Amino acid sequence: GEGGGEGCIPLETLTEESQSRHVLPASFEANSLQKSNWGFLLTGLVSGTLVAVYAVATPFITPALRKVCLPFVPATTKQIENVVKMLRCRRGSLVDIGSGDGRIVIAAAKEGFTAVGYELNPWLVWYSRYRAWREGVHGSAKFYISDLWKVTFSQYSNVVIFGVPQMMLQLEKKLELELDDDARVIACRFPFPHWTPDHVTGEGIDTVWAYDASTFRGREKRP
């Protein structure tokens, strides 16, 4: 990447330096100088490479700074298939809470949904927008940089969440207050603590739970 190359020495300079060193006396000082220069060069190259790798990889491995830490772990192909299965015969808009690299939103858009992803990490949001454009669904797949706790989800009929156990109780309460009775919540990897799922599909990490708002309001309503 361009950002990691500034500390590197051009190849022509290296060639000239190595040729000029051959005319130096084969003394201890000259050898030390040569080793020192190569040491600095190697350090520069390694540092430049690490900076480039860090710049590319960090957006994908650094947990977004949310109220509850929600790390980015890409959805598996099977998880996406299971989510789409839970969306069959569903209509209306869809939101992915913590949309990561956008793959769920893009898959939903391909199924005909108007889909929105909220993600706190700007790098992932920009990458998601690029992917949606590349996949030809940028008209129906939108991505926004936002903290999930500051978004109201009342306008969405379908909610997808790849959560972590620490956040599920608080999110359960938030969605129960905000969603309409005809909404469906689809949880991946971890279920909600109090709601009883209406449908379950998949196994292990690919398990997906679907909760209908009319059910959790009627059966699990808490004071």
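This briefing describes the sheet, a helix packed against it, and selected residues of the structure above.

The model is predicted: local features need pLDDT of at least 70, side-chain atom pairs count only at pLDDT 80 or more, and totals for chains, interfaces and linings use all residues. Residues are numbered from 1 along each chain as its sequence is written, and side-chain values use heavy atoms, with hydrogens and water left out. Seven strands form an open sheet of mixed pairing, and the buried residues of helix α3 pack against α4, β4, β5, β6 and β7. Helices (H or I, at least four residues) and strands (E, at least two) are DSSP runs, numbered from the N terminus.

**The sheet**

- The strand order is β3-β2-β1-β4-β5-β7-β6; two strands pair if DSSP finds at least two bridges between them.
- The edges are formed by β3 (141–145) and β6, each of which pairs on one side only.
- On average, neighbouring strands of this sheet are turned by 15° against each other, direction ignored; axes are lines fitted to C-alpha atoms, for helices over the stretch in contact, and angles run from 0 to 180 degrees between N-to-C directions.
- Strands of a sheet pair through backbone hydrogen bonds, either parallel or antiparallel.
- Strand β1 (residues 93–97) runs parallel to β4, and four bridges join the two; D96 has V160 of β4 as its bridge partner.
- β5 and β7 are antiparallel and share five bridges, with A187 partnered by W209 in β7.
- β6 and β7 are likewise antiparallel, joined by three bridges, and T201 has V208 of β7 as its bridge partner.
- Helix α5 (residues 122–134) lies across β2 (114–119) and β3, and runs at about 165° to β3.

- Strand β7 is mostly covered, since five of its five residues are buried; buried means under 20% relative accessible area, exposed over 50%, and partly exposed in between (1.4 Å probe, protein chains only).
- V208, A210 and D212 point one way from β7, while W209 and Y211 point the other way, and all are buried.
- The hairpin of β6 and β7 has six residues between the strands, and G202 takes a positive phi near 90° there.
- E203 belongs to the loop between β6 and β7 and is exposed because its relative accessible area is 70%.
- The C-alpha atoms of E203 and N82 are 10.0 Å apart in space, although 121 residues separate the two in sequence.

**Helix α3 and its neighbours**

- Helix α3 (residues 77–86) has Q79, I80, N82, V83, V84 and M86 as its buried residues.
- These buried residues pack against α4 (103–110), β4 (158–162), β5 (184–188), β6 (199–201) and β7 (208–212); contact means heavy atoms within 4.5 Å.
- The angle between α3 and α4 is about 45°, and their axes are 10 Å apart.
- The two helices, α3 and α4, are therefore oblique to each other; angles under 35 degrees count as roughly parallel, over 145 as roughly antiparallel, 65 to 115 as roughly perpendicular and the rest as oblique.
- I80, V83 and V84 of α3 make the contact with R103, I104 and A107 of α4.
- The residues of this contact comprise five nonpolar, no polar and one charged; Ala, Val, Leu, Ile, Met, Phe, Trp, Tyr, Cys and Pro count as nonpolar, Asp, Glu, Lys and Arg as charged, and the others, Gly among them, as polar.

**Selected buried residues**

- Q79, in helix α3, is buried because its relative accessible area is 0%.
- Not counting residues up to four places away in sequence, Q79 touches P74, F162, R189, I205, D206 and V208.
- The C-alpha atoms of Q79 and D206 are separated by 4.9 Å, with the two residues 127 residues apart along the chain.
- S93, in strand β1, is buried because its relative accessible area is 18%.
- The contacts of S93 are T114, Q155, Y156, S157 and N158, not counting residues up to four places away in sequence.
- S146 is placed in the loop between β3 and β4 and is buried because its relative accessible area is 18%.
- Leaving aside neighbours within four places in sequence, S146 is in contact with Y118, E119, L120 and V151.
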